[in-house]
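Reader: I would like to understand the words used for this model. Could you walk me through them one by one?

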Amino acid sequence: MLELKPMLSALWRNKTSAFLIALQLALTLAIVSNAGVIVSERVEKIARPTGMQVEDLISVTFMPIAQEYDMAGAVAADMDLLRGLPGVVDAFPTNQIPVSGSGSASRYFSEPNQEIGGEVANYYQVDPNFINTLGLELVAGRNFTAAEMDVMGPNENYDARVAIITRDFGEALFPGEEPLGKFFFPLGENNPIEIVGVIDRHLGAWVGWQKAGQVVFYPLLIKTNHKRYMIRAEPGQRDAVMKLVEEKLAQRDANRVLQLETLSRDLEQSYMSDNVMVKVLSAVIALLTFIVSLGIVGLTIFWINQRRKQIGIRRALGATRANISRYFLLENGLIAALGIAMGFAIAMLINRMMVTSFSQPAMPAGLLLSCAALLLLASLGAALVPALRAANISPATATRSV
Amino acid sequence: MLGYYISLAMRSLRSMPILSSLMVAAIAVGVGAAMTVLTVNYTMSRNALQHKDDVLFAVQLDSWDPNKAYDSVNELPKELTYQDTQALLRSDIPTRQVAMHRYGFTVSLDDDSVRPFTAEARVTTRDFFALFDVPFLFGGTWEDGADSGPVKQVVLSKATNDKLFNGENSVGRIVNLKGEPFAVVGVIAHWSPSPKVYDLNNNPFAEPEELFIPFGLHRTFEIYSWGNTNGWKNDGLEGYEGHLQSESVWIQYWVEMDSSEQRQRYEDFLTGYIREQKAQGRFERPLKFALSKPSEWLVINEVLGDDVQVLAALSLSFLLVCVVNAVALLLAKFLRKAPEAGVRRALGANRKAIFIQHLVESGVIGVLGGLLGIVLALIGLAGIRYLTLGMVDRIATMDWVMMLSSVGLAIFASLLAGLYPAWRISNTNPSVYLKTQ
């Protein structure tokens with residue numbers, strides 16, 4: 001019923017062109033599917049929850065102009081001022097700004113006096129307002145109390161007594177156990193730190209870090225020569241609040257340099273390279289599919305033009321329009337199938353290279369299949385218009401000489 | 001003859017506008033994508049210290065945790081401890097040597113003519129400028145004693161001098177850093193190596209620091225690095241002095257040595273130093289150190305990340321697909337034109353002439369594709385600048401070398417694409433076409 005035999009012999013006469021199209025499709029499938037692996041991995045990474053109310057948060061970094069400065073007094077006065085401002089939900093002082101790419105980490109142990117093994121976590125020095133300000137979810141235990149707050153100089157050694165940790169860090173330190181009420185220890189030390197609260201999620205300082213999400217908080221203010229605040233605005237009022245905060249802080253104490261930034265901007269910068277990969281690779285996928293489709297359109301038109309006379313003869317001998325269109329679509333489908341089969345092999349080969357040399361993820365079968373389906377559709381779509389046009393060739397063409 | 005072929009090619013391109021523009025577009029898109037990514041690759045892998053690549057060396061010592069090697073390409077910490085730095089500085093073997101790290105100050109003037117601001121600073125020994133070939137506009141580096149004692153002198157970048165003193169010769173003027181008076185001893189000319197090979201820690205494509213201050217001020221300001229500080233040991237030491245004596249690594253170290261004999265002596269010196277420290281219970285790992293040239297330092301610091309390399313490979317495969325596409329289209333086009341070639345053959349043109357004529361035609365497509373490719377690459381680079389939030393503007397710009405390479409790549413790609421079709425057409429038998437005419 002199908003015109004397979006004449007089709008194959010016609011293809012054989014045009015084997016170079018047919019092979020070139022199949023090769024294009026194969027390479028395209030290999031590139032598109034490998035780019036797709038990276039894109040889907042990065043999209044997932046960017047979509048991870050931070051645990052924070054990112055779009056309402058503002059950070060302030062300030063440095064006093066003079067070397068001698070009453071940092072503890074300034075922080076207390078600023079906090080009073082900030083928490084009373086209209087449009088401000090809450091604020092707290094901190095050593096580092098979350099998800100900004102700048103942060104500190106340390107190694108902790110579930111036993112005293114250990115130096116080998118253990119688990120790393122980002123650490124933040126905060127006050128009891130940090131949960132409300134960042135919009136974190138306390139899933140077990142309690143917040144810090146005002147009485148637990150310590151104030152220290154930058155060079156004093158700090159022996160923490162209590163800490164709040166993230167669920168991720170609890171799971172890493174005490175796998176399968178409830179971390180609340182347990183004690184942990186800093187590197188090589190025997191002073192126990194009690195876990196008084198557990199936070200559902202906080203992504204920490206570095207979004208690309210393997211251990212991102214392992215975080216510990218201490219109720220501590222260190223009088224360093226520069227300090228940071230996190231401020232949460234009422235929904236939708238962030239930009240107005242940012243202006244107000246800058247003005248009021250400068251007014252309260254002009255002898256310092258202030259830098260304000262939105263947390264959204266910090267997060268955007270942290271994910272910048274992932275975002276570049278997603279956008280560039282998506283553009284590559286789209287352009288490549290487009291170029292290959294154009295190539296198929298061009299070649300199908302060319303072939304049809306070359307075979308006008310034969311088409312006319314077939315029409316004159318009784319072939320319907322549908323027969324003619326189906327012939328070209330089927331021919332195209334055969335080439336595409338060959339290309340896609342070759343593409344599977346090349347795609348897997350490239351993916352293996354990507355995994356071993358460039359630490360990219362392995363290819364899931366579903367993704368490869370859906371890329372193949374997409375390409376098959378694109379190639380049939382590209383052949384469709386020329387094939388339909390071919391059906392319009394009049395049988396009379398057969399009787400004319402070219 | 002070439003001129004005639006080119007005019008033939010132009011005529012042939014015009015006669016089949018759709019097929020021709022498809023081919024030009026295929027080459028242009030392929031070259032545009034490849035050049036966008038390759039430009040980023042090219043600017044990221046530049047070595048600003050190429051001219052001193054044989055005499056400069058970054059120093060690494062393995063003072064790390066006996067239980068676990070440092071997590072870097074060569075398993076050595078990328079920075080040194082303060083105490084090792086002080087010991088190394090006492091050696092007189094290198095021609096020049098620099099110990100340094102990033103820091104920051106608030107900057108203000110007594111007369112309030114400039115609003116106070118924070119500035120990135122490099123805390124460094126005085127040889128920094130000579131070692132890295134930093135040109136001075138005014139003055140020079142600070143006095144010798146400033147690297148060991150608290151001497152408040154500062155060298156300004158050109159931009160900072162423009163901001164503070166409207167670009168005048170400010171040597172001898174006073175700038176307040178953290179409220180303390182510093183005397184300006186020099187102003188450097190515009191200097192902006194990219195990547196910042198002397199400090200690749202944070203953003204390797206950031207601008208250099210705005211201020212340079214001597215290495216003797218650590219205790220005065222209780223300076224902690226604004227770059228990376230990494231530790232592995234709980235020393236249990238107290239106070240700022242404890243930080244200076246700790247095993248934390250936070251200082252970058254470079255030496256300049258002009259001869260291999262000098263280098264040999266320095267390696268002996270480092271070996272001796274590590275042995276001496278081992279005897280005192282430090283440096284518990286196997287004896288290991290590294291002296292890396294700037295070109296090697298760029299590799300150790302992985303400036304060209306995996307992502308960029310993946311993109312480069314991908315864009316070249318993209319170009320390959322475009323070439324295959326062009327081969328198929330060219331083949332179709334040339335075969336369509338076969339009767340014409342048959343007539344030319346019958347009139348006396350030999351195979352070589354037909355071959356060259358068609359190759360020239362693909363070359364013309366390459367030139368057109370290349371020119372369009374430059375435009376597409378410029379658009380692509382603008383896209384990258386937009387996506388990178390202005391953080392890598394200096395990387396995503398095209399110079400004339402890359403523009404010429406674009407056209408070169410396009411011509412190469414299209415000639416490659418044209419080889420087989422031109423060979424096919426030059427080998428067809430003219431009589432076949434003459435009969436049907």
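Author: Gladly, and let us begin with a definition: a salt bridge is a side-chain nitrogen of Lys or Arg within 4 Å of a carboxyl oxygen of Asp or Glu. Please keep in mind that this is a predicted model, where local features need pLDDT of at least 70 and side-chain atom pairs count only at pLDDT 80 or more, while totals for chains, interfaces and linings use all residues. Residues are numbered from 1 along each chain as its sequence is written, chains are lettered from A and ligands numbered from 1 in the order in which they are written, and side-chain values use heavy atoms, with hydrogens and water left out.

Reader: Why is the pair B:Glu120 and B:Arg102 called a salt bridge?

Author: The N to O distance between the two side chains is 3.0 Å, and the limit is 4 Å, so the pair qualifies. B:Glu120 sits in strand β3 (residues 117-124) and B:Arg102 in strand β2 (residues 96-108) of chain B, so the bridge ties together parts that are 18 residues apart in sequence. Strands here are DSSP runs of E with at least two residues, and helices are runs of H or I with at least four, numbered from the N terminus.

Reader: Which salt bridge does B:Lys333 form, and how do you know whether its two residues are buried or exposed?

Author: B:Lys333 meets B:Glu361 at 2.6 Å, N to O. The two belong to distant parts of the chain, helix α10 (residues 306-336) and helix α12 (residues 351-387) of chain B, 28 residues apart. B:Lys333 has a relative accessible area of 0% and is therefore buried; B:Glu361, with 3%, is buried too.

Reader: What about B:Lys337 and B:Glu340: why does this pair count?

Author: Their closest N and O atoms are 3.6 Å apart, which is within 4 Å, so the pair meets the rule. B:Lys337 is buried because its relative accessibility is 15%, whereas B:Glu340 has 45% and so is partly exposed.

Reader: What makes a set of residues a nonpolar core?

Author: The members are buried Ala, Val, Leu, Ile, Met, Phe, Trp, Tyr and Cys residues joined through side-chain atoms within 4.5 Å. The largest such core has 126 residues, and A:Leu281, B:Phe128, B:Phe129, B:Phe132 and B:Trp254 have the most contacts inside it. Helix α10 of chain B gives the most to this core, with 20 residues. A second, separate core of 46 residues includes B:Phe57, B:Val59, B:Leu109 and B:Met257.

Reader: Which residues does B:His218 contact, and why is it called buried?

Author: Contact means heavy atoms within 4.5 Å. Setting aside neighbours within four places in sequence, B:His218 contacts B:Tyr82, B:His101, B:Val123, B:Ile223, B:Tyr240 and B:Trp250. Its relative accessible area is 1%, so B:His218 is buried. The residue lies in helix α6 (residues 218-221) of chain B.

Reader: Where does B:Ser91 lie, and is it buried or exposed?

Author: B:Ser91 is in the loop between α3 (82-89) and β2 of chain B. With a relative accessible area of 9%, B:Ser91 is buried. Leaving aside neighbours within four places, B:Ser91 contacts B:Gln97, B:Tyr266 and B:Phe269.

Reader: How do you know how the span of helix α13 in chain B compares with the expected one?

Author: The expected span is 1.5 Å times one less than the number of residues. Helix α13 (residues 400-426) has 27 residues and reaches 37 Å from its first C-alpha to its last, close to the expected 39 Å.

Reader: And what is the kink in α13 of chain B?

Author: The bend at a residue is the angle between axes fitted to the seven residues ending there and the seven starting there. In α13 of chain B a kink of about 35° lies at B:Leu419, shortly before the proline B:Pro421.

How values were computed:
Buried means under 20% relative accessible area, exposed over 50%, partly exposed in between (1.4 Å probe, protein chains only).
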